[in-house]
Amino acid sequence: MYSFDLEKQLLAGLINHPDIFIEIAPFIHEDDFYNKNSQVNRTIFCIIKNAIESSEAIDYVMISERALGLGISFEDNINIADYIQSLSLRKTSSKAIISVAKDLKSLSARRRIANSALQVKSAMEKASPNDT
């Protein structure tokens, strides 16, 4: 239960309309970005969030430099600078960003519920019939 397209659209929106962050900050967090196989979008979100909270100007070059400066390699072996630039070129509207953020949060909540259900199932399978 995830959508890399929603994640990319939200990041593109924040790069192009950073002023909208204040409206989504109360409910969007880094753990809303799926991370099973990739930390890319989560990392970019954290960089954007930290820059905005520090009242810094946002552009794809700054974000790319910060990502490269972390010295981490991404599982996807992508060129992070090219990826961030491609995000900045996506068409976004400030009005749509809030809707995208809500959709992403919904997927994140469903993912957490499903994970909790799997943990309960696993615990029940391990429990003996005599456990109370």
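Searching the whole structure turns up 3 aromatic pairs, where a pair means Phe, Tyr or Trp rings (six-membered ring for Trp) with centres within 6.5 Å, called stacked under 30 degrees between planes, edge-to-face over 60 and tilted for the rest. Keep in mind that this is a predicted model: local features need pLDDT of at least 70, side-chain atom pairs count only at pLDDT 80 or more, and totals for chains, interfaces and linings use all residues. Residues are numbered from 1 along each chain as its sequence is written, and side-chain values use heavy atoms, leaving out hydrogens and water.

Here are two of the pairs:

| Pair | Centre to centre | Plane angle | Type |
|---|---|---|---|
| Phe-4 and Tyr-34 | 6.4 Å | 70 degrees | edge-to-face |
| Phe-21 and Phe-45 | 6.4 Å | 50 degrees | tilted |

Phe-4 sits in helix 1 and Tyr-34 in the loop between helix 2 and helix 3, 30 residues apart; helices here are DSSP runs (H or I, at least four residues), numbered from the N terminus. At 34% relative accessibility Phe-4 is partly exposed, while Tyr-34, at 18%, is buried (buried is under 20% relative accessible area, exposed over 50%, partly exposed in between, with a 1.4 Å probe and protein chains only).

Now for the helix packing. Helix 4 (residues 60–69) meets helix 5 (residues 80–88) at about 150 degrees, axes 9 Å apart. That makes helix 4 roughly antiparallel to helix 5 (over 145 degrees; under 35 is roughly parallel, 65 to 115 roughly perpendicular, the rest oblique).

Terms used. Axes fitted to C-alpha atoms, helices over the stretch in contact; angles between N-to-C directions. Helix = DSSP H or I, 4+ residues; strand = E, 2+ residues; numbered from the N terminus.
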